[in-house]
Each structure stands twice: as structure tokens, then as C-alpha cells.
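Visitor: Could you take me through one part of this protein up close? I'd like to look at the surroundings of the ligand.

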Amino acid sequence: MKSFEPPTIRLLLGSDAVAYQRLRVRGLAEHPLAFTSSVDEEAARPLAWAVQRLSPNAQRPHDFFLGACSGAELIGQLGLEGRYRPKERHNATLLGMYVASEAAGRGVGQALLEALLARARALTELEQIELTVTEGNRRAQALYERNGFRVWGVRPQAVKLDGQAYAKIHMVCRLR
Ligand SMILES: CC(C)(COP(=O)(O)OP(=O)(O)OC[C@H]1O[C@@H](n2cnc3c(N)ncnc32)[C@H](O)[C@@H]1OP(=O)(O)O)[C@@H](O)C(=O)NCCC(=O)NCCS
């Protein structure tokens, strides 16, 4: 990407699966500490898995992924995954926030997060969104805090990478 134009934020669909999976694997490879999923896990998933993840499902109305596009190129993405047991239906989890390094620091993450929160607020059954961020990922945590997420707990030694354990900070955002 040579010059930067404000990205278009849009819903990702099954037809975006190849670009989604490519960007996802790239993010996991570049930032292994930021994500719980590993590159190997993701790379082992068939394309059909990503197609299904991105295809609207009436049984799972709180699940969706948004992409930031610069022209035809996908440069950022994030998603929401609902919980569907009757007593938990008002909860969803934000996941997979990644902006390609060459597009970072220009408001793409902010635009993605704003769009996700606006869409989530329009889902009448949904009341709160949770996420986890690896302790020390201050940039991501600050972005979430600026957008209404607050820390409610820390899970010590939540993930291990190369034998080293890291805590995960748990955050929540009330939607209404
Ligand atoms: C964390 C991440 C998603 C942020 O995305 P981003 O697009 O860089 O975020 P934004 O540009 O919206 O905001 C980040 C910073 O850029 C600044 N910024 C926003 N618009 C800007 C602009 N037009 N010009 C310069 N800086 C700008 C923001 O003020 C913010 O400042 P700070 O973080 O330096 O304090 C991205 O860096 C990333 O993918 N990181 C690796 C994966 C990761 O950690 N994911 C989160 C997992 S929980």
C-alpha cells in the first residue's frame, strides 16, 4: 500500500474467506503473543472453516467479522462471537483484532472497533462485549479503553509461548 486513504469498513462474507485467512495467518505469525490461536492451528484449518465462519447464520445472529479495505485489499479485521446458551445470550466476545503493520497507527483499528460497537448496539439482545488482551499489549489495551472497555480481571499464566507464561487481561464493555 503506497499512499493511505481512509479504509472502507464492511461486513466480511464467505467470499472473503481467502483474504480473511491470509490476513489472519499473517497476524498470528507477526504477533504470536497477541493472540491465543497459533499459526499452526489456523493454517491447518481448511478454507471451508473460514467460509463458514464468515457466512451469516440466522442461528448465530451475534457472530460477524468486519474488514477494513483499502481498495480491493483487506488491511484489517476483527470479529464478534456470541454466546447462545439462554442465560448467556446477552454476551459476546470480540476476537481477532489485527491491522496490517503497514496500515497501523492511522486510525484503522479505531474505525474497525467503532463499526463493531455500532453494529453490536443494533443487536437488541446483546448487552455486553468481552475480550482478552495479553498483559503488556498496551497499544491494544489503550485502544479498547478509549472505546469504553474496562478491565475486570487478570488471568495469570493464561497462555504459554516458548515455555514462557503470560497473563491475559479481561475487559468488558457495556453496550447500553
Ligand atoms: C492494536 C492494533 C489493532 C491497533 O490498530 P491501529 O490501526 O494501529 O490503531 P489506531 O491507528 O486506530 O490507533 C493506534 C494509534 O494510532 C494513533 N492514530 C490514530 N489515527 C492516526 C493517524 N491518522 N495518524 C497517526 N496516528 C494515528 C492513535 O492515536 C493510536 O495511538 P497510540 O496507540 O500510539 O497511543 C494493531 O496495532 C495491531 O493489529 N496490533 C497487533 C495485533 C494485536 O495486538 N491485536 C490485538 C489483540 S487483543
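This is a predicted model: local features need pLDDT of at least 70, side-chain atom pairs count only at pLDDT 80 or more; totals for chains, interfaces and linings use all residues.

**Around the ligand**

Guide: Let's start with the whole chain and then zoom in. The protein chain has 5 helices and 7 strands, and from the N terminus on they run β-α-α-α-β-β-β-α-β-α-β-β. With 176 residues, a compact globule would have a radius of gyration near 16 Å, and the chain's own value of 16 Å agrees with that. Its C-alpha trace spans about 40 × 40 × 35 Å along the principal axes, and 28% of the residues count as buried. If you take contacts between residues at least 6 apart in sequence, 63% of them join residues at least 24 apart.

Now for the ligand. There are 19 residues around it, and the ones that come nearest are Ala34, Ala104, Gly107, Gly109 and Gln110. Sort the shell by type and you get 10 nonpolar, 7 polar and 2 charged residues. Where do they come from? Strand E4 (91–99), helix H4 (108–121) and helix H5 (138–146) each supply at least two residues of the shell. H5 has the largest share, with 4 residues.

E6 runs antiparallel to strand E7 (residues 164–174), and 8 bridges join the two. Valine 159, for instance, stands opposite tyrosine 166 in E7. Together E6 and E7 form a hairpin with 2 residues between them, and aspartate 162 in the turn has a positive phi of about 50°.

Terms used. Residues are numbered from 1 along each chain as its sequence is written. Two strands pair if DSSP finds at least two bridges between them. A residue is near a molecule or strand if its C-beta atom, placed from the backbone, lies within 6 Å of it. Ala, Val, Leu, Ile, Met, Phe, Trp, Tyr, Cys and Pro count as nonpolar, Asp, Glu, Lys and Arg as charged, and the others, Gly among them, as polar. The radius of gyration is taken over C-alpha atoms; the globule rule is 2.2 Å times the number of residues to the power 0.38. A residue is buried if 20 or more other C-beta atoms lie within 10 Å of its own, exposed if 12 or fewer, and partly exposed in between; C-beta atoms are placed from the backbone. Two residues are in contact if their C-beta atoms, placed from the backbone, lie within 7 Å.
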